[in-house]
Each structure stands twice: as structure tokens, then as C-alpha cells.
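Biologist: I've got a model open and I'd like to learn how to read its helix packing and its ring pairs. Can you walk me through it?

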Amino acid sequence: MLMRCNMMIPPSMKTIIPLNSENIMLSESAQITFEAFSDGQKPEQIAQQRQLNLSTIYFHLSQAIELGRLELRQVIQLKNEEIHEIEDKLLEYSSEKQYTLKPIFDTFDGIYDYGTLRCVKANLSRRIKGQPLKRRYRKIEVEMANCEAK
């Protein structure tokens, strides 16, 4: 970890900026999924019990991640290198392409399923907040550069 202008900067240049999620709620269906997951059920069990697609369950869990109610590592088991590789690919795409995961899925030749990609994207969104990912990332880099120039 680097310290710049009183900002802790991890080696990957990404900073954690928590969202204010107090006024943002999960949908009723997502809340049910979140509670079942929090009670120890696996996504596959929740999908079977609720008669929903597994992709829907991961969508619900990704919403909880983005709101800060779950941590990425609670939902998916990837090495840090894999997470950073997916994040870097998400940041490479233009803001228009960031709304779909197909280009990311194709880049990795299907190694990572859409649920995993959606959860990593939600975690990155939570950490960088508010604008399309690429714009947010550039803003952080500019702020760091301005700070270092002083």
C-alpha cells in the first residue's frame, strides 16, 4: 500500500470509496436471497429452493455486494490476481460496453461465468462509486497526479 496525499493507494491503483447505502434497499426478491445466503445457504441451494435461475441469484448477490452488504469474497472464491485481471478488463472497455458483460466473458473464453463477472463488477463499482467505471478510474488517477504535483 502506498500513501499519497493522505490517501491509501493499493498497488493496483484502485481505491475503496464506500457508497452511502443507508437509503438504498434491495428489492424484496433480492432481500430474500440475501437473507438465505446470510443464513449459510449456497447460491445453488437458494436457486433450487426459490425456483429461480442461478444467474438471478448471482444478480441479487451482486446487488448486495454493490450496496456493501456482502463482501466479494463471501460470494466468490477467486485469487486476487484473477480479480484484478477481471477488473482491469472491465476498466479497459468504453463506458457503453461496461453495461454488458459479454465482451468480458468472451475475453476470458468463458473461464468465468456471468455470475462471477457480475459480482466482481459490483465490487469494483462499490469501490469506485458513481460514474461509469472508466471515468471514475481516470478521476482518481487525475486527483492523485494533482496531489503529487503540489
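Modeller: Let's start with H3 and H7, which are roughly parallel to each other. That label covers angles under 35 degrees, while over 145 is roughly antiparallel, 65 to 115 roughly perpendicular and the rest oblique. Before going on: this is a predicted model, where local features need pLDDT of at least 70 and side-chain atom pairs count only at pLDDT 80 or more, while totals for chains, interfaces and linings use all residues. Residues are numbered from 1 along each chain as its sequence is written, and side-chain values use heavy atoms, with hydrogens and water left out.

Biologist: At what angle do H3 and H7 pack, and how far apart are their axes?

Modeller: An axis is a line fitted to C-alpha atoms, for helices over the stretch in contact, and the angle runs from 0 to 180 degrees between N-to-C directions. Here H3 (residues 54-66) and H7 (residues 114-128) pack at about 15°, with axes 8 Å apart. Helices are DSSP runs of H or I, at least four residues, and strands are runs of E, at least two, numbered from the N terminus.

Biologist: Is the crossing of H3 and H7 left-handed or right-handed?

Modeller: Check how the near helix is turned from the far one: anticlockwise by less than a right angle is left-handed, clockwise is right-handed. The crossing of H3 and H7 is right-handed. Contact means heavy atoms within 4.5 Å, and among the residues making it are Tyr 58 and Phe 59 of H3 and Arg 118 and Ala 122 of H7.

Biologist: Now the rings. How many aromatic pairs does a search of the whole structure find?

Modeller: A pair of aromatic rings is described by the distance of the centres and the angle of the planes. Rings of Phe, Tyr and Trp (its six-membered ring) pair if their centres lie within 6.5 Å; planes under 30 degrees apart are stacked, over 60 edge-to-face and the rest tilted. The search finds two pairs. Phe 105 and Tyr 114 have centres 4.4 Å apart and planes at 10°, so they are stacked. Phe 108 and Tyr 112 are edge-to-face, at 5.1 Å centre to centre and 80° between the planes.

Biologist: Is Phe 108 buried or exposed?

Modeller: Buried means under 20% relative accessible area, exposed over 50%, and partly exposed in between (1.4 Å probe, protein chains only). Phe 108 is buried at 7%, and Tyr 112 is buried at 8%. Phe 105 is partly exposed at 21%, as is Tyr 114 at 30%.
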